[in-house]
Amino acid sequence: MASGDRKSPFFSFLIIASLLPISQAGKIAVYWGQNGNEGTLAETCASGNYDFVILSFLCSFGNGQNPQLNLAGHCDPYSNGCTGLSRNISSCQAKGVKVILSIGGAAGSYILTSQDDARQVSTYIWNNYLGGQSPSRPLGDAVLDGVDFDIEGGSPNHYDDLARYLSAYSSRGKKVYLTAAPQCPFPDAWVGKALETGLFDYVWVQFYNNPPCQYSAGQPANLEDAWKQWTKGIQATEIFLGLPAAPDAAGSGFIPAGDLSSKVLPALKGSSKYGGVMLWSKYYDDETGYSKTIRASV
């Protein structure tokens, strides 16, 4: 006679499944705003390929400067030509896409000279792009979802202060998401101290233009080692693999879609902090269709 406590095949399957690592479902973030030939913001969100669209860049701020927004060929903020994006931003958000303002970038004039300077910049961003009020909001009345730190020059000082000031605005009713785009050498020279605050929700590490920590010649070892440093070294809700969307989008570090799916992502998904993939940029993604190709694997 069969034992009364024999487990059913289905019950055994549940036990085995519970012991397996959970595969993280990822998202895709993309930078938009630096090429007028990359399509409109509304088209970008309507494509269904992205979960985050990062508007680039607020390229000048701090040290008493008038903050300047540069969206390349899309619109001219100095003649109020970008206020029409407000409808597009609201349309994106209605589709569940978070729209983030990126500050910094590879070209521009920005620096924070003191804690008070950081406070003044945070106040400006709050009033002109987030939930505050200003008579001259460059993108109109739409309320962006957060701020991205893509700091690549100037000085690394006081971005931790800026992060604290911006994060504090979440207490006013709408969450202010903080994101960052550090280079892959750990810790990042520019936003490393800011990331130590533990206030950042999403960190999309740029795993390109840095051979010691990027995918190269079919070998993922350097990237995987750097990924482990990032996931263990900082507090963040999710960490993303930042990549060029086309071979000519960066000097080095492009990963063919097939290699990404078969060699790279399986190793990264073992981390509970895995968030997905960030792409530079929408223009280059249009060239290759990279996001559409990798979407199912991410």
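Modeller: Let us begin with contacts along the chain. In this predicted model, 73% of the contacts between residues at least 6 apart in sequence join residues at least 24 apart.

Colleague: How many helices and strands does the protein chain have, and how does the radius of gyration relate to the globule rule?

Modeller: The protein chain has 10 helices and 10 strands. Its radius of gyration is 21 Å, close to the 19 Å that the globule rule gives for 298 residues, so the chain is as compact as a globular protein of that length. Along the principal axes, the C-alpha atoms fill a box of roughly 85 × 40 × 35 Å. Buried residues account for 49% of the 298 residues.

Colleague: Which residues does UniProt assign to the feature "domain: GH18"?

Modeller: The UniProt record, an unreviewed entry, places that feature at residues 26-298. In the model, the end C-alpha atoms of this span lie 5 Å apart, and the span is 30% helix and 21% strand.

Colleague: How should I read aromatic pairs, and how many does a search of the whole structure find?

Modeller: A pair of aromatic rings is described by the distance of the centres and the angle of the planes. The search finds 20 aromatic pairs in the whole structure. Take Tyr31 and Phe57: their ring centres are 6.2 Å apart and their planes stand at 40 degrees, so the pair is tilted. Tyr31 belongs to strand E1 (residues 27-32) and Phe57 to strand E2 (residues 52-61), so this pair ties together parts that are 26 residues apart in sequence.

Colleague: Are these two residues buried or exposed?

Modeller: Tyr31 counts as buried because its relative accessibility, 2%, is under the 20% limit. Phe57 is buried as well, with a relative accessible area of 7%.

Colleague: Which residues form an aromatic cluster?

Modeller: Phe52, Tyr177, Tyr202, Trp204 and Phe240 form one such cluster.

Colleague: Let us turn to a helix. Which residues of helix H3 are buried?

Modeller: In H3, which spans residues 85-94, the buried residues are Leu85, Ser86, Asn88, Ile89 and Cys92. Viewed down the axis of H3, they fall within an arc of 160 degrees, so they line one face of the helix. Arg87 and Ala94, on the other side of H3, are exposed.

Colleague: What do the buried residues of H3 pack against?

Modeller: They pack against E1, helix H2 (41-46), E2 and strand E4 (98-105). Just after H3, Gly96 takes a positive phi of about 90 degrees.

Colleague: Which residues other than glycine have a positive phi?

Modeller: Asn63 has a positive phi of about 55 degrees although it is not a glycine, and Asn63 is found in the loop between E2 and strand E3 (68-69). For His158, phi is near 75 degrees; this residue lies in the loop between strand E6 (146-151) and H5. His158 counts as partly exposed, at 23% relative accessibility.

Colleague: Where are cis peptide bonds placed in the chain?

Modeller: One joins Ser56 and Phe57, with omega about 5 degrees, and Phe57 has its place in strand E2. Another runs from Trp280 to Ser281, with omega near -5 degrees. Ser281 sits in the loop between strand E10 (274-280) and helix H9 (282-288).

Colleague: Finally, what is Asp161 in contact with, leaving aside its neighbours within four places in sequence?

Modeller: Asp161 is found in helix H5 (residues 159-168) and counts as buried at 12% relative accessibility. With those neighbours left aside, Asp161 is in contact with Gln115 and Ala118.

Colleague: And what is Leu195 in contact with on that basis?

Modeller: Leu195 lies in helix H6 (residues 192-195) and is buried, with a relative accessible area of 3%. Leaving aside its neighbours within four places in sequence, Leu195 is in contact with Ala180, Pro182, Phe200, Val203, Trp230, Ile234 and Gln235. Ala245 is 50 residues from Leu195 along the chain, and the C-alpha atoms of the two are separated by 25 Å.

Methods:
Residues are numbered from 1 along each chain as its sequence is written. This is a predicted model: local features need pLDDT of at least 70, side-chain atom pairs count only at pLDDT 80 or more; totals for chains, interfaces and linings use all residues. Side-chain values use heavy atoms; hydrogens and water are left out. Rings of Phe, Tyr and Trp (its six-membered ring) pair if their centres lie within 6.5 Å; planes under 30 degrees apart count as stacked, over 60 as edge-to-face and the rest as tilted. Helices (H or I, at least four residues) and strands (E, at least two) are DSSP runs, numbered from the N terminus. Buried means under 20% relative accessible area, exposed over 50%, partly exposed in between (1.4 Å probe, protein chains only). UniProt positions are given in the numbering used here, feature names are shortened, and annotations may be inferred rather than shown by experiment. The arc is that of the directions from the helix axis to the C-beta atoms. Contact means heavy atoms within 4.5 Å. The radius of gyration is taken over C-alpha atoms; the globule rule is 2.2 Å times the number of residues to the power 0.38.
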